[in-house]
Amino acid sequence: MEFNVGIACLILGMMLSAVPCLSTVYTVGDTAGWALSVDYGTWSSAKTFKVGDSLVFNYPGGHTVDEVSPSDYQSCTVGNSISTDSSGATTIPLKTAGKHYFICSVMGHCSGGMKLVVTVDGGADATTPTSPGTTTSPPTTTSGAAGIPTTTTAAPGIPTATDNTLPRGAVPIPDSAGTLSPLLAMLMGWVVVMVHEMVL
C-alpha cells in the first residue's frame, strides 16, 4: 500500500481547521463601538460571556476604557481604576467569572452612558438559567473564514439541544461550540494512528 504524506497532512489540516474555537471575541457596542449614547445594558444582556472570551473596545481619541470596582462604576468615580487604556482599540480578556465593570474616565462620559457591566460565567460548560416557557440559546462560536471566530445565536422558536420542547424525532441544533470537540479529537487521534501505521 503506497502512502501519500501530503494527503494525510491535508486531511489532518482540514480536521484541525474544523475544531471550533471555544472562546468568543465580542466587539463592545457592535458597529457603534465604545461611544456616547449607546445602550450597553441592552447590548450586554443579549450576550453570554464565559471565562476565556474577550471584549474588544473600538473608539476614537478622547475616550478611555477603565476597569473599575462596583462602587466606582455606580458613582462614575475615576482615579481608582483596576486597569486603564486609551489606545483606541482595547482588548480585555475575561479571565475570571463574576461581574466586570468598565467606564470611560473622561469627564461626563460615564454619566453620559459610557459604562458597561458584564457577567462572566465560569466556562464553556456553564449554562444560563431561563424562565419557564422562554427559549434562549447562548452564542455558538465557530471558526469562519481564515479561522476568525464568528458568533451566531439560534433564532427564537428554533429548537436547540437544551430545549425540552423538541418534537418527537426532531434533531436538535447544538448550542455549544464544544459539542463537536470530543468527536473531532477522536477522529484526529484515529488519523494520527493510521498515519503512524502507514509510515511503519
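Strands 4 and 7 run antiparallel and are joined by three bridges. Strands here are DSSP E runs of at least two residues, helices are H or I runs of at least four, and both are numbered from the N terminus. Two strands count as paired if DSSP finds at least two bridges between them. The model is predicted: local features need pLDDT of at least 70, side-chain atom pairs count only at pLDDT 80 or more, and totals for chains, interfaces and linings use all residues. Residues are numbered from 1 along each chain as its sequence is written, and side-chain values use heavy atoms, with hydrogens and water left out.

Strand 4 (residues 65-68) is covered on both faces. Val65 and Glu67 on one side, and Asp66 and Val68 on the other, are all buried. Buried means under 20% relative accessible area, exposed means over 50%, and partly exposed lies in between (1.4 Å probe, protein chains only).

These strands belong to an open sheet of five strands, in the order 2-8-7-4-5, with mixed pairing. Its edges are strand 2 (49-50) and strand 5 (83-85), each pairing on one side only. Strand 2 pairs with strand 8 (residues 115-121) in the parallel sense, over two bridges. Lysine 50 stands opposite aspartate 121 of strand 8.

The largest nonpolar core holds 20 residues. Such a core is a set of buried Ala, Val, Leu, Ile, Met, Phe, Trp, Tyr and Cys residues joined through side-chain atoms within 4.5 Å. Trp34, Leu55, Phe57 and Leu116 have the most contacts inside the largest core. Helix 2 (40-45), strand 3 (54-58) and strand 8 each give two or more residues to this core. Strand 8 gives the most, with three. Another core, of five residues, lies apart from it and includes Val68, Tyr101, Ile103 and Cys110.

Serine 111 lies in the loop between strand 7 (98-103) and strand 8. Serine 111 is exposed, with a relative accessible area of 63%. Serine 111 and cysteine 76 are 35 residues apart in sequence, yet their C-alpha atoms are 6.5 Å apart.

Tryptophan 190 is placed in helix 4 (residues 181-199). Tryptophan 190 counts as exposed because its relative accessibility is 52%.
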